[in-house]
Amino acid sequence: MSLLIRNGRVITAVDDYHADIFVEDETVTLIGRDLDVEADRTIDAAGRLVIPGGVDPHTHMDMPFGGTTSADDFETGTRAAAFGGTTTIVDFAIQTKGHSTLEGLETWHEKAAGKAGIDYGFHMIVTDMEDDRLWEMRRLADEGVTSYKMFMAYPGVLYVDDGTLFRAMRKAGEDGTLVCMHAENGIVIDEIVKIALAEGKTSPKYHALTRPTRMEAEGVHRSIAIAEVAGVPVYIVHLSCADALEQVTLARARGAQVFAETCPQYLFLDLSRYDHEDFEGAKYVMTPPLREKWNQDHLWRGLGFGDLQSISTDHCPFCFHDQKVLGIDDFSKIPNGAPGVENRMSLVYNGGVVGGRLSVNKFVELTATAAAKLFGLFPKKGTIAVGSDADIVVFNPDRRETISANNPHTHHMRVDYNTYEGTEVQGVSEIVISRGRVVVEDNIWHGRAGGGNFLKRGLFGGPF
Ligand code: URP
Ligand code: ZN
Ligand code: ZN
């Protein structure tokens, strides 16, 4: 099977030129002007950007959390991702406390196999790591799971103490892997939550008011310090505020191997979303919470100047009507997380490129290339080059859509609300190609459950 994409404007993290792209089976084999080749199918991309498929390094499909399970499984979640122009996700497998991480990996393989419609990898969430289990980490790396996530938040659930953090970090460093950190001081936050509840403050806005930015910054500072001593590169996930970014900037300035992502929710939404008197604010109960609006300028600066390398979604959807309501009388029982995997590319293009904050190359870098590099997938994923997987998006930079759970062009996620309801965006993924197969065209799904492959990722490739 061969495919020719003609007349497009090819954009990578560093290139911007008009050319034809020839794909044979799953791989890009030729790029050039007016290619003289026969193909089984030709796509005319005149007037369109031709960009690498998005890489979202932070999703939670089919994840048990907060007394329920995230609403998208690997079938519905990866299909929605593809509609939005994302062709690779890295999701989080979870070690059950007291059990082997390898068992956790097996469970997540069972969840994804035969369901994922695009390629996927796994990080491993480590919930305990005694000395006699450390050998498993090398095995995970051999299995292509070359990054971990550890939590300073959620005591009694996913939280690990600093000793566990250090032990696992040291081994991860020895193995050449990367540690992702949920950096928030969950012990102090839980005390603040107890005080709020005792004072009868139970509505969703108190989720945000009990998680001060200082406690995120403290977690970022502490996890970086521990990682430096342990000798491992660290990647701060879902960084939400200026206070936390300052810690990343300081650490990078002194040469520490620190990387960080933010997410569209922190770039486009703010604390005022919790203002509703009714339960509406529960839609935005995520961790870290939305922050005061002025933080957004700092996050854009971090993206523009390179202290933040990537934009992920932290897609973790819970239905408003039958899942978020678990916390109707107590904000601390609202399942934490929000949907977003489908809308990331359009939101970032609109807010970044159309908004004059990012070049089109930087847009590609932040939504695909950097994550592919950091997580051992480059140059197979995250770029358009001869030899790369043909994960390609034909992107219309002029088309507008209004994001809504009721708009069939912007919402395929299996959840009853959209975090960005009513946001008008310019820039839409029109044709989405996953390893040489058109999986989305004319807003119709042409892929199949099980069409996505598990990606064995490489070791951490060093600073770049
Ligand atoms: O609220 C969030 N972020 N839910 C998903 C779990 C996590 O901490 O990433
Ligand atoms: Zn987290
Ligand atoms: Zn997450």
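Trainee: How many nonpolar, polar and charged residues are in the lining of the largest pocket?
Mentor: Please keep in mind that this is a predicted model. The lining of the largest pocket has nine nonpolar, five polar and three charged residues.
Trainee: Which residues lie nearest the centre of the largest pocket?
Mentor: Of the 17 lining residues, those are Tyr154, Val157, Asp190, Ser332 and Asn336. Helix α5, residues 186–198, gives the most to this lining, with four residues. The space in the largest pocket comes to about 400 Å³.
Trainee: And the second largest pocket, what is its volume?
Mentor: The volume of the second largest pocket is about 280 Å³. Two or more of its lining residues come from each of β16 (392–402), β17 (424–434) and β18 (437–441), and β17 provides the largest share, five residues. Its lining divides into six nonpolar, seven polar and six charged residues.
Trainee: Turning to ligand 1, where does it sit?
Mentor: Ligand 1 takes up the space of the largest cavity. There are 14 residues around ligand 1, and Lys149, Tyr154, Thr287, Asp314 and Asn336 come nearest.
Trainee: How much of the ligand's accessible area does the protein cover?
Mentor: The protein covers 100% of the 270 Å² that ligand 1 has on its own.

Definitions and conventions
Residues are numbered from 1 along each chain as its sequence is written. Chains are lettered from A and ligands numbered from 1 in the order in which they are written. This is a predicted model: local features need pLDDT of at least 70, side-chain atom pairs count only at pLDDT 80 or more; totals for chains, interfaces and linings use all residues. Side-chain values use heavy atoms; hydrogens and water are left out. A residue is near a molecule or strand if one of its heavy atoms lies within 4 Å of it. Accessible areas come from the Shrake-Rupley method with a 1.4 Å probe; for residues, only the protein chains shown count as cover. On a 1 Å grid over the protein atoms alone, a cavity is a set of points where a 1.4 Å probe fits but cannot get out, and a pocket is an open set with protein on both sides within 12 Å along at least five of seven lines; lining residues have an atom within 4 Å of a point. A molecule sits in a cavity or pocket if more than half of its atoms lie within 2 Å of its grid points. Grid points are joined across faces, edges and corners, and a volume is the space filled by probe spheres set on the points. Ala, Val, Leu, Ile, Met, Phe, Trp, Tyr, Cys and Pro count as nonpolar, Asp, Glu, Lys and Arg as charged, and the others, Gly among them, as polar.
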